[in-house]
Amino acid sequence: MAETGPTGAPGVPGRAPSITGSTRLAAVIGSPVRHSRSPSLANAAFGAAGLDWAMVAFEVAEGRAGEALLAVRALDLGGLMVTMPHKAAVIPHLDEVTPTAAALGAVNSISWVEGALVGHNTDGHGLVRSLRIDDGIEVSGFRCVVLGAGGAARAVVHALAEAGASDVAVVNRTASAAEVAAGLAGAVGRVGEAADVAPADLVVNATSVGMGAEAGSTSPLPVDPGRLGPGQVVVDLVYQPLRTPLLTVAAERGARCVDGLGMLVHQAALTIERWTGTDPDVSVMARAARS
Ligand code: NAP
């Protein structure tokens with residue numbers, strides 16, 4: 001049971017976490033960070049696996065990423081997740097970054113590798129892995145449209161190309177950003193247009209359109225719903241609400257719908273696996289994220 005691991009699953013009402021002198025501490029840094037689901041996800045995974053680890057959130061003001069990294073070294077934290085506004089700012093303070101994080105210019109997780117602090121970006125790989133493991137969908141050979149060209153879109157574009165997509169079209173309000181994002185998919189990347197949506201096998205909303213919408217509503221939408229239909233997979237990275245306007249209309253039009261929780265869970269699972277050497281239970285993590 002998640003609640004009875006050595007960490008005592010911090011946050012379980014009425015139960016004190018059994019943190020001891022040997023507990024390994026990890027953290028997420030960001031600003032704002034109090035809304036972050038990462039500690040709940042990670043602590044659920046630690047508890048379920050019986051790992052003597054715990055995770056907390058640290059509010060770190062913009063411009064102070066370097067000090068936070070010095071603290072990681074001084075306190076010998078087990079690892080760090082990184083959210084806005086520090087994803088690029090941490091890079092100069094690390095010993096190494098992976099090729100993916102370097103290409104994206106953004107780090108969302110940090111781990112120790114043989115005494116060195118290494119920055120990773122697990123966002124895009126998290127989506128590809130969630131589609132594969134949770135939904136049985138392999139994107140290899142898929143014609144993909146990514147709506148948006150911000151941080152999440154760039155990670156997804158890069159990961160889809162790496163996973164063997166045959167075409168990755170980036171459709172974005174600002175053309176210059178679309179060009180940069182499309183460049184991350186190499187030979188299969190291009191700037192797309194709305195008409196690319198209809199023939200696509202996979203459509204990913206990586207814009208923030210739909211964020212905060214009333215659950216079950218049918219607006220606002222990042223794409224003309226008339227372009228969606230059966231035979232397509234439609235993913236919305238927005239996870240507040242989980243049932244976004246896009247997913248509501250896409251389901252009505254017969255498309256297969258995937259919400260943003262899978263990416264959230266799997267990008268964290270990849271990080272926890274790297275920190276602890278243990279494959280975390282993603283179903284426990286998903287339950288924690290939902291609650
Ligand atoms: P970001 O860097 O700020 O990028 C936002 C993108 O949305 C840009 O491409 C922007 O277009 C576009 N956009 C914003 N308002 C728009 C509008 N009214 N019409 C059309 N396009 C609009 O944000 P991000 O970090 O990439 O995050 C994007 C979304 O993904 C957020 O909802 C976030 O919560 C979600 N997300 C989910 C996960 C997950 O694990 N599920 C992970 C990361 C992010 P311009 O370039 O024209 O400004």
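## Basis of the model

Residues are numbered from 1 along each chain as its sequence is written, and side-chain values use heavy atoms, with hydrogens and water left out. Because the model is predicted, local features need pLDDT of at least 70 and side-chain atom pairs count only at pLDDT 80 or more, while totals for chains, interfaces and linings use all residues.

## Overall build

The protein contains 9 helices and 12 strands; these are DSSP runs numbered from the N terminus, with helices (H or I) of at least four residues and strands (E) of at least two. Its C-alpha atoms fill a box of roughly 60 × 40 × 30 Å along the principal axes.

Of the 291 residues, 52% count as buried, meaning under 20% relative accessible area with a 1.4 Å probe and protein chains only. Among contacts (heavy atoms within 4.5 Å) between residues at least 6 apart in sequence, 64% join residues at least 24 apart.

## Residue D196

D196 sits in the loop between β9 (189–191) and β10 (202–205). With a relative accessible area of 17%, D196 is buried. Leaving aside residues up to four places away in sequence, D196 touches V145, A169 and R190.

With R190, the side chain of D196 makes a side-chain polar contact at 3.1 Å. A polar contact is a pair of N or O atoms within 3.5 Å; within protein, one must be able to donate a hydrogen and the other to accept it, and residues adjacent in sequence count only if both atoms are side-chain atoms. The side chain of D196 also reaches the backbone nitrogen of E193, at 2.7 Å.

How values were computed:
Buried < 20%, exposed > 50% of the residue type's maximum accessible area, 1.4 Å probe, protein only.
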